[in-house]
Amino acid sequence: MPAVIAAVAVIALTVTVAGPVLIAAANGDTVVNMLDCIKKLIQQIRERAPGMPKPPPGRSKKDMEKAAQELGLKYKYYNFGFCGPQGADDEAPRYLRLWDIPGCGTIGNRIQNYFNDNHLYVFDCLLMITQGILGEYELRILNEAGACNTPIVIVLSKSELKAESKARCRYDRKDMSATEYQPIVEDTINEAKQHMLDTINKAQASYKSIKISRVFVVSAVKFRDFLKTHTETDALLAFETSELLSYLVAEAKNKRVA
């Protein structure tokens, strides 16, 4: 049974988005843009979620209500499901709930029935956290989500480790400026996304229903650092975290029906 995860705010999530990259010259623009994005996001999740997610093909509103009842899920919240265990903090934002879905591939959660047994189709959006590798379990979940028209995003985590390693090799020192980090962050994002898209394109020969909503490159650690420091370097090394959070709420609103 999925468990509700609490978070101090959506901004404490370990995830990020793949859209236009919020990267500017080292003049403070990145910091301003990220703080503005966070402010708007918090405003949005203080509002009650409307309706419920649109039922997938072959299921009715009654099916959705029954599944939600079994999970203890309430549609007045935006509900995001993590396909794998994730940690969190102590308090949840008012109209948002994060769900920790039990890991698949165990005796109690066989991959063959994992998607339906855990009612993953009732969520506003699913998140698959990975460091860049998609195995059979992940591909099957992606395939079933696509067949049910359930939005699912791939979140590439711990990206700051790759960027910091590249920076050390390039500059041969520990402390780099935001200007020096900017091209490294751009390269890291582009390489990670291209690798993931190539993997998915190959997989679609066998998994015909895969439809990826987005791919996001993130760093939860650096995003949390940024919330304390508000520095340009931490904003850059947070990668696409703030964009991901905004995307999740927008995607949830788009999926809701009266």
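The crossing of helices α5 and α6 is right-handed. This is in a predicted model, so I will come to confidence in a minute. Helix α5 covers residues 159–171, helix α6 covers residues 178–203, and the two pack with their axes 9 Å apart at an angle of about 130 degrees.

Which residues make the contact? On the α5 side they are Ser159, Lys162, Ala163, Glu164, Lys166, Ala167, Arg170 and Tyr171. On the α6 side they are Glu180, Tyr181, Pro183, Ile184, Asp187, Thr188 and Glu191.

Now the chain as a whole. There are nine helices and eight strands. The chain has 258 residues, and 51% of them count as buried.

Next, two single residues. Is threonine 150 buried or exposed? Its relative accessible area is 3%, and the cut-off for buried is under 20%, so threonine 150 is buried. Threonine 150 sits in a loop, with α4 (136–147) on one side and β6 (152–156) on the other. Its contacts, leaving aside neighbours within four places in sequence, are Phe115, Leu120, Tyr121, Phe123, Leu126, Ala145 and Lys255.

The other residue is asparagine 254, in helix α9, which runs over residues 241–255. Asparagine 254 has a relative accessibility of 63%, and because exposed means over 50%, it counts as exposed. Proline 53 is 201 residues from asparagine 254 along the chain, yet their C-alpha atoms are separated by 8.7 Å.

Last, confidence. The mean pLDDT of the chain is 76, and 70% of the residues reach 70 or more. Two stretches need a caution. Residues 1–28 have a pLDDT below 50, and that stretch has 127 contacts in the model beyond near neighbours in sequence. Residues 84–93 are also below 50, with 28 such contacts. Where pLDDT is low, the predicted coordinates should not be read in detail.

Definitions and conventions. Residues numbered from 1 in each chain as written. Predicted model: local features only at pLDDT ≥ 70, side-chain atom pairs only at ≥ 80, totals over all residues. Heavy atoms only, no water. pLDDT = per-residue confidence, 0-100. Contact = heavy atoms within 4.5 Å. Helix = DSSP H or I, 4+ residues; strand = E, 2+ residues; numbered from the N terminus. Buried < 20%, exposed > 50% of the residue type's maximum accessible area, 1.4 Å probe, protein only. Axes fitted to C-alpha atoms, helices over the stretch in contact; angles between N-to-C directions. Left-handed = near helix turned anticlockwise from the far one by under 90°.
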